[in-house]
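Open the model in your viewer and keep a selection panel at hand.

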Amino acid sequence: MRMYETLMILHPEIADDRIVAVIGRMEGIIEGAGGKITVIDQWGIRKLAYRIAKQPRGYYLLLKYAASPTIINELERTLKLTEECLRFITIKLDEEVEAAVLAEVARVHKKPTAVIEEVEEPPVPEEAFEGEEEELEEKAAEQAKPDKPGVEGEDKP
Amino acid sequence: MNRPKRHFQRRKMCRFCADKNIVLDYKETKLLRNFITERGKIIPRRISGNCALHQRGLTTAIKRARTIALLPFTVAQG
């Protein structure tokens, strides 16, 4: 069994019980096929970088689980048909995980505490890099000049 | 007219090689934002100073984050 992780965006305006229903459906598929969910992390509502389905915000839900590769297709197909789910991405984390090690891992279920607003850190301005390229070229040109007098100075006995 | 081609001294070390504990995860938007420009473009390796291996990992992480709307594809200017 391999470790996977699925991050999905649910519609922000759905009721809590529908979110629980979606989680329940995922549990049903994964555990029904003999997998095990290790982490359910509900990030809560978060501002999206671009509009999805005309919504500026989305409800993020993260699932980490161990499963056999065959059920991933079914999981993704179900997610596509789920109308609450707007987008999802499934990533493989680890290769084989021993069943014995898995049995000891308890499930972690994190619930959201507050609405997360993405803190806008000042992004790196693009002009800085274009300027830097010119700086690098200028530096190289400058290095060409002091080389000659320096070398001649060392040669003098 | 033939100026010998100069290779610039690489001023920066790859910060992922320096600190092996940083994991390149597409969910870590705070870390990834340091490597995209204002317009959302990925910063080239010769500017950021990353080594090839980590630049590839970084690019995959940024592209994944973009598909799941954690990072923008492009930001309109002005």
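Predicted model: local features only at pLDDT ≥ 70, side-chain atom pairs only at ≥ 80, totals over all residues.

Select its open sheet of five strands, where the pairing is mixed and the order is 4-1-3-2-5. From one strand to the next, the twist averages 20°.

Next, select strand 2 and strand 5 of chain A, which pair in the parallel sense over three bridges. Here Val39(A) stands opposite Val108(A), a residue of strand 5 of chain A.

Helix 2 of chain A, residues 70-81, lies across strand 1, strand 3 and strand 4 of chain A, and runs at about 165° to strand 4 of chain A. From the other chain, helix 4 of chain B packs on the sheet and touches strand 2 and strand 4 of chain A. The direction of helix 4 of chain B makes about 150° with that of strand 4 of chain A.

Which residues have the most contacts inside the largest nonpolar core? Select Leu7(A), Tyr60(A), Tyr26(B) and Ile68(B); this core has 24 residues. Elements that each supply at least two of its residues include strand 1 (2-10) and strand 3 (55-67) of chain A, and helix 2 (29-32) of chain B. Helix 4 of chain B gives the largest share, four residues.

Center on Tyr60(A): among the residues it touches are Leu7(A), Trp43(A) and Arg46(A), along with Ile68(B), Ala69(B) and Leu70(B) of chain B.

Last, select Leu10(A), Ile29(A), Ile37(A) and Leu61(A), which are among the 22 residues of another core, apart from the largest one.

Technical notes: Residues numbered from 1 in each chain as written. Chains lettered and ligands numbered in written order. Heavy atoms only, no water. Core = buried A, V, L, I, M, F, W, Y, C linked by side-chain atoms within 4.5 Å. Buried < 20%, exposed > 50% of the residue type's maximum accessible area, 1.4 Å probe, protein only. Contact = heavy atoms within 4.5 Å. Pairing = 2+ DSSP bridges. Axes fitted to C-alpha atoms, helices over the stretch in contact; angles between N-to-C directions. Lists of a residue's contacts leave out its neighbours within four places in sequence.
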